[in-house]
Amino acid sequence: STWVGQSNIIYHGEGLNASVAVSELSSGVRNYHNAGKVQASSEPQDMRLQRMLGHTTTLLSEHPDRVVVIGCGAGVTAGAVSIDPRLKRETIAEIERLVPWTVDKYFGPQNFNVVENKKVDVHIDDARHYILTSREPLDALTSDPLDPWVKGAAALYTQEFFQTVKDRLTAGGLVTLFVQLYESNPEAVKSEVATFFKVFPNGFILANTQNGRGYDLVLVGPKEATRYDVDKIEARLKSPEYAQVARSLSEVGINSAVELFANFAGQPSDMEGYLKDAQINRDRNLKLQYLAGMGLNLYQSDPIYQDIVTYAGKFPDNLFTGTSETIQALKDAIRRQQGR
């Protein structure tokens, strides 16, 4: 109701599990509302996060044949996954039946009409139930849940759930996870990052910034220790078959593999000091739901981001490899991105 008068409500529907709405601003920007809150949009900063989340999932996976996307949202993350040439099958696990067909109609250009893609299955189910009961191979998974204070969402950020997903991954597989910095607080962010790194000790953080200021994060969790060849990924992006992926990234201001990895903002070995007082989110307490609730109306995204990158001062030689020229370019780009 707070958007009435500020924007044109072009769709509203009541589902079994959530109310769903789409609003459009005079600028043409569309917002996807779920559970009474904007959860995705065609705003530049949101598009950048959603494209980063989807493309990182497939570009960094050794063999992204079979990928699961938790939560359809506006479909942009799922759409980014769907256009990777190596993908063979994608499943979108979405709890509310209204969502996929609503966003297909109102966000089709932004999400590459992912719901209509023949490689994509839309599975209406609770995501945890789907992961626990599916027996299909899992090469990669990306999770873009609702705000963790929304009832049930914190269960997608627990140590037990991350471990379940990790156990299901094939060799060379990985998980990516959205972590918001806006409308949150340091305690909630620390809980999310620490819980993820507890299960994925070889993981790392990519930051999505807006005009150089912190906005939200992508956590990357490989199943095992992995070094990423930046030149190899760049060659992939320059190949004719990856032209659509490269164009999708360029639309959100990422024009190369170096520019993608320039968003590096830390790994577990960097974050020990930052996470020393973090509370692990477990199934038996869902601590995150309560921590996140205390940040509902706070806007501390940039101070939280600046605190994180304070601990990420050294270049991650264990993560990235390439020619000396490429690595030097990446070092310089990371320093610029972190404001050093």
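Q: What percentage of the 340 residues of the protein chain count as buried?
A: It's 58%. Buried means under 20% relative accessible area, exposed means over 50%, and partly exposed lies in between, with a 1.4 Å probe and protein chains only.

Q: What kind of model is this, and how are residues numbered?
A: This is a predicted model, where local features need pLDDT of at least 70, side-chain atom pairs count only at pLDDT 80 or more, and totals for chains, interfaces and linings use all residues. Residues are numbered from 1 along each chain as its sequence is written, and side-chain values use heavy atoms, leaving out hydrogens and water.

Q: How many helices and strands are there?
A: The protein chain has 12 helices and 13 strands. They are DSSP runs numbered from the N terminus: helices are H or I with at least four residues, strands are E with at least two.

Q: Why call it as compact as a globular protein of that length?
A: Because its radius of gyration is 19 Å, close to the 20 Å that the globule rule gives for 340 residues. The radius is taken over C-alpha atoms, and the rule is 2.2 Å times the number of residues to the power 0.38.

Q: What box do the C-alpha atoms fill?
A: Roughly 55 × 45 × 45 Å, along the principal axes.

Q: What about contacts between residues at least 6 apart in sequence?
A: Of those, 73% join residues at least 24 apart. Contact means heavy atoms within 4.5 Å.

Q: In which sense does β9 pair with β8?
A: Parallel, over 5 bridges; β8 covers residues 138–143. Two strands pair if DSSP finds at least two bridges between them.

Q: Which residue in β9 does Leu138 stand opposite?
A: Leu138 faces Leu169 there.

Q: What is the phi of Glu183?
A: Near 45°, a positive value in a residue other than glycine. Most residues other than glycine have a negative phi.

Q: What about phi at Phe112?
A: Phe112 has a positive phi too, about 55°, and is not a glycine.

Q: Where is Phe112, and what is its relative accessible area?
A: Phe112 is in the loop between α3 (98–106) and β7 (120–124). Its relative accessible area is 21%, so Phe112 is partly exposed.
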